[in-house]
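This report goes through one structure part by part. Keep the sequence and the 3D view at hand while reading.

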Amino acid sequence: MLLFGATGMVGQGVLRECLLDDRVTRVRAVVRSPLDTTHPKLTELVHADFTDFTALAAEFEDVDAVFYCLGVSSTGKREAEYRRITHDYTLAAARALPANPALTFVYVSGEGTDSTEQGRLMWARVKGRTENELLAMPFHAYMFRPGYIHAANGERSRTPAYRLIYPVLSRLYPLLRRTVPGKVTTTEDIGRAMIAVVGRNGTGEHVLHSPDINRAAAG
Ligand SMILES: NC(=O)c1ccc[n+]([C@@H]2O[C@H](COP(=O)([O-])OP(=O)(O)OC[C@H]3O[C@@H](n4cnc5c(N)ncnc54)[C@H](OP(=O)(O)O)[C@@H]3O)[C@@H](O)[C@H]2O)c1
C-alpha cells in the first residue's frame, strides 16, 4: 500500500491503523520530510517533486492500494497554488501508478466538495475537479468527504492555525458526536474505513461522507 500525507493529521491516523492491521502487509509512505516513526512494515520514500514520480516508478510497480491524505487548507492561498498542491500533485501520483484495474485509490477531499466544479467556493471546485478526474481513471476510486475529524490518538495537524483550534474542538468532540453525528468522524475511523473499502473491489458507493466512513470503519 502507498500512503501520501503520512506526516499530516489524517495521514498519521491512517498510518497507525495500517501498521496495526494484519491485512496490510507493507506500507510505503511518500513524504517530503522524514517520518519520526519506524516499523518493520513501513518503508519511507523521501521525495522532492510531487509533480513527477518517475524516480519512484519501481516502488509504485506492485502497489494494490493508494491512501491519499496529502492536502492543504485553502486559507491564504491563491487558486493556482491551492490547485497545484490539491489537484496537480494528486493527479501526478495517480498517473504514475501502473495500469492495474484492480488497484484501489482512496482520496481524502472534504464535506462540501463541489462535483459540478462550477460553485462559488474555490477550494470546493478544485477538490471537485480532483475527485472527478480520479473517478474517471481506470482503477477503483473512492472519495472520502469527512466533515470534522477528531484526532483519536494524538495526531497533530501540520497546519499551524488548526493546531491552535484543535485542542478546543477536541474537548467538544463528545458533544459534537451526540449533536451532529452525521458530520463527524475520527482519524481512526478514516484509517479503518480506507482499509475496508479496499476489500470492496470497486463495488458500493464511491463517494463516502462521514456516516458512510464511520459505517465502513465499523463493518
Ligand atoms: N483535518 C480535518 O479536519 C479535515 C477535514 C476534512 C478534510 N480534510 C482533508 O484531509 C487532507 C489532510 O488534512 P490534514 O488535516 O491531515 O492536513 P495536515 O495535518 O496539514 O497535513 C498535510 C499533509 O500534506 C502534506 N503536504 C502539504 N503541502 C505539501 C506540499 N506542498 N508538498 C508535499 N506535501 C505536502 C504535509 O506534508 P509535510 O508534513 O511535509 O508538510 C502533510 O503530510 C486535506 O486534503 C484536507 O483538506 C481534513
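## Met137 and its loop

Met137 sits in the loop that joins H4 to S6. The model is a predicted one. Around Met137 there are 14 other C-beta atoms within 10 Å, and the residue is partly exposed. To count as buried it would need 20 or more, and to count as exposed 12 or fewer.

Met137 can also be placed relative to Tyr162. The two residues are 25 positions apart in sequence, and their C-alpha atoms are 33 Å apart in space.

## Phe144 in strand S6

Strand S6 covers residues 140-145, and Phe144 is part of this strand. Is Phe144 buried or exposed? Phe144 has 27 C-beta neighbours inside 10 Å, so it counts as buried.

Setting aside neighbours within four places in sequence, Phe144 is in contact with Val106, Tyr107, Val108 and Ser109, and also with Ile190, Leu208 and Ile213.

## Ala65 in strand S4

Ala65 belongs to strand S4, which runs over residues 65-68. With 21 other C-beta atoms within 10 Å, Ala65 is buried; the cut-off for that class is 20 or more.

Which residues does Ala65 touch, not counting those up to four places away in sequence? They are Met1, Leu103, Thr104 and Val198. Ala65 and Val198 are 133 residues apart along the chain, yet their C-alpha atoms are separated by 7.0 Å.

Helix H6 spans residues 187-198. All of H6 is buried, 12 of 12 residues, so the helix is largely enclosed by the rest of the structure.

Helix H5 has 20 residues, 160-179. The number of buried residues in H5 is 0, so this helix lies largely in the open. From first C-alpha to last, H5 reaches 27 Å, close to the expected 28 Å. Where does H5 bend? The bend is at Tyr173 and amounts to about 50 degrees; a proline, Pro174, follows within four residues.

## Two residues with positive phi

Glu117 is not a glycine, and its phi is positive, near 60 degrees. Glu117 is found in the loop between strand S5 (104-108) and helix H4 (122-135). With 15 C-beta neighbours inside 10 Å, Glu117 counts as partly exposed.

Asn201, also a residue other than glycine, has a positive phi near 50 degrees. Asn201 lies in the loop that leads from H6 to strand S9 (207-209). There are 10 other C-beta atoms within 10 Å of Asn201, so it is exposed.

## Around the ligand

How many residues are around the ligand, and which come nearest? There are 22, and the nearest are Thr7, Gly8, Gly71, Gly110 and Arg158. By type, the shell divides into 11 nonpolar, 9 polar and 2 charged residues.

Helix H1 (9-20) and strand S7 (148-150) each supply at least two residues of this shell. H1 gives the most, with 3 residues.

## The chain as a whole

The chain has 7 helices and 9 strands. Its radius of gyration is 16 Å, close to the 17 Å that the globule rule gives for 219 residues, so the chain is as compact as a globular protein of that length. Along the principal axes, its C-alpha atoms fill a box of roughly 45 × 40 × 35 Å.

Of the 219 residues, 40% count as buried. Among contacts with a separation of 6 or more, 68% are between residues 24 or more positions apart. The pair Ala65 and Val198, 133 residues apart along the chain, is in contact.

Terms used
Residues are numbered from 1 along each chain as its sequence is written. This is a predicted model: local features need pLDDT of at least 70, side-chain atom pairs count only at pLDDT 80 or more; totals for chains, interfaces and linings use all residues. A residue is near a molecule or strand if its C-beta atom, placed from the backbone, lies within 6 Å of it. Ala, Val, Leu, Ile, Met, Phe, Trp, Tyr, Cys and Pro count as nonpolar, Asp, Glu, Lys and Arg as charged, and the others, Gly among them, as polar. The expected span of a helix is 1.5 Å times one less than its number of residues. The bend at a residue is the angle between axes fitted to the seven residues ending there and the seven starting there. The radius of gyration is taken over C-alpha atoms; the globule rule is 2.2 Å times the number of residues to the power 0.38. Two residues are in contact if their C-beta atoms, placed from the backbone, lie within 7 Å.
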